[in-house]
Amino acid sequence: MSTREDILAGLAKAVIDGDPDVSKVWAQKALNAQMDAYEALTKGCQEGMKVVGDRYTAGTMFIPEILLSAEALYSAMDVLRPYIKVQSTVPASVVIGVIEGDVHDIGKNIVKMMLEASSVKVYDLGRDVPIEAFVTKAKETNANVIAMSSLMTTTMFKMKDVVDMLVEQGLRQKVKVMVGGAPTSQAFAQNVGADAYAVDATEAVKAFEKLMKGA
Amino acid sequence: MPEKTSLERVVDALSFRESDRVPAGPLVCGASRRVLGITYAQWAKKPELTAKSLIQAQKLLGFDGFLLLTDLSVECEAWGQKVDYPMESTPITMAFKGDPLIKTVEDYEKLEWVDAKKATRMKNSVQVASTVAKEKGKEVAIMGFVYGPAGVLSMMRTLEKMSLDLKRNPSAVKKALKVVNDVLLDYTVQQIEAGVHAIVLDVLFASRFIWSRPVYDEFEGQFCVKLSDECHKRNVPVILHNCGNATYFDTMTKWYNPLGISFHYLPDGISSLEELKEKWGKKVVLLGMMDNPNVLYMGDEDLVLRESKKQIDALAAGGGFLLCSGCEFPPNASLLNAKAMVDACKMYNPYKKT
């Protein structure tokens, strides 16, 4: 019989190793051991994803390995999710997508995964997302943050249209805005009136947490 | 002494000689359509207009080298990958919009050799090369462009799917890479025969933020080296382009023995322009590294002049440097910023004998 520590370590390792079959087994073991599913997610999978993020930043993990980790994470989450009791507080939420005209979404998908691993509710609008769709979805879901990305200079400034639309609709104080993607920068974020910029997925999670704390 | 031609100036830089000034290469490609007054879609589809735009842009701005890049979806079209042509943005593979040619792992095995001469977009690019070479080849440097095999394959599958496939089905991916590379070899030769002075190989995945060095070696280096070998055999200079972050200069030079590297960000393990010059400035010609989004797109002429001076000061001594944009000049940026790069090379001239 595995101990609680074994299970959490097993989940973390399976995520780091990018093995969806093994992560599923450990998730099931967590349930069999009557562990709290939320704890298994946050203290097992999430810890694994933190290591993945740190290794990516440090240059010891790369896109193929991260994508495998994502599969392992989602595989465990599929097992655990039905047993996660509704938390007493409303989870932070984000509407995420690649801005209109652009379809490069690999970075956005990695950010999405890292946020989900941090128990953030993510509404993923996909790629080539029209300006108004971001605002409409944020309104509909009461999202805390809109996160947008672009890989092209020809499309990046459309992010400003989303910020402008939030202002026009009186939502700017309520909805924070994060931007990312290869051509973007802190200067670009300031230029379009965004609240935060993140250079990669690990930084995106940190930036999101900062926004939630109002820092 | 008469001013050198652009071509002479570039040859000096590529030979590690101090010329009459630093050559300017803002890599104006799609942006040239605005000189001729046509849409992006027209520019990308009609080779006679592409060539005319590029030639007019060079006449207007005075840059020292043409980069014959249309977009990264030129090669993949040869296999039937659908491409979207927005009116005012860069053409893009429909694989990124949910319609990849390679839908399953089995589809890798179905890729077959195709005749580059008959593929519409590659044929058009060769026509552009031929026209530009005929009209400007004696005065201005002309660089052909080939996207590496891994990049081309990703345009038919997506990088995300391909990165997973190479972990789970490496042999299927490699089989397709070989097929793609064989066609790219023909395409490279055709551009050389059309009269380009150098070939730029885009090896984007040799970056710490995309693939590890061993994965790069296995899934691009061992194939793409045939393209650089062919160029070397024909005495055509090889220039690598990689606008990714933290690129592997060591891995890229190991495989391709390039004369120069065109780059946007500092390479992996290098933390300053000075360190870059010291470690790499005598091994490869440096083509860079004006910041596309922050300087060339969002900035104004003053900022471009300041940044250009900074780079000339740090990198130009002894030749072996071309002031270039880190990637294709932003297609919708102010053309005055491209001109400012040329002006900067004239104003800040470390080679001028006093």
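1. Chain A is divided into domain 1 (4–83) and domain 2 (93–213), with bounds from an automatic or database domain assignment. This is a predicted model, in which local features need pLDDT of at least 70 and side-chain atom pairs count only at pLDDT 80 or more, while totals for chains, interfaces and linings use all residues. Residues are numbered from 1 along each chain as its sequence is written, and chains are lettered from A in the order in which they are written.

2. The centres of domain 1 and domain 2 of chain A, taken over C-alpha atoms, are 26 Å apart. Eleven residues of domain 1 of chain A are in contact with nine residues of domain 2 of chain A (contact: C-beta atoms, placed from the backbone, within 7 Å).

3. On the side of domain 1 of chain A that touches domain 2 of chain A, the elements giving two or more residues are α3 (37–58) and α4 (63–80) of chain A. Helices here are DSSP runs of H or I, at least four residues, numbered from the N terminus. The most comes from α3(A), with eight residues.

4. In chain B, the axes of α6 (residues 120–136) and α9 (residues 170–194) come within 8 Å and cross at roughly 20° (axes are lines fitted to C-alpha atoms over the stretch in contact; angles run from 0 to 180 degrees between N-to-C directions). α6(B) is therefore roughly parallel to α9(B), a label for angles under 35 degrees.

5. Met122(B), Val126(B), Ala129(B), Ser130(B) and Ala133(B) of α6(B) meet Tyr187(B), Gln190(B), Gln191(B) and Ala194(B) of α9(B).

Terms used:
Angles under 35 degrees count as roughly parallel, over 145 as roughly antiparallel, 65 to 115 as roughly perpendicular and the rest as oblique. Two residues are in contact if their C-beta atoms, placed from the backbone, lie within 7 Å.
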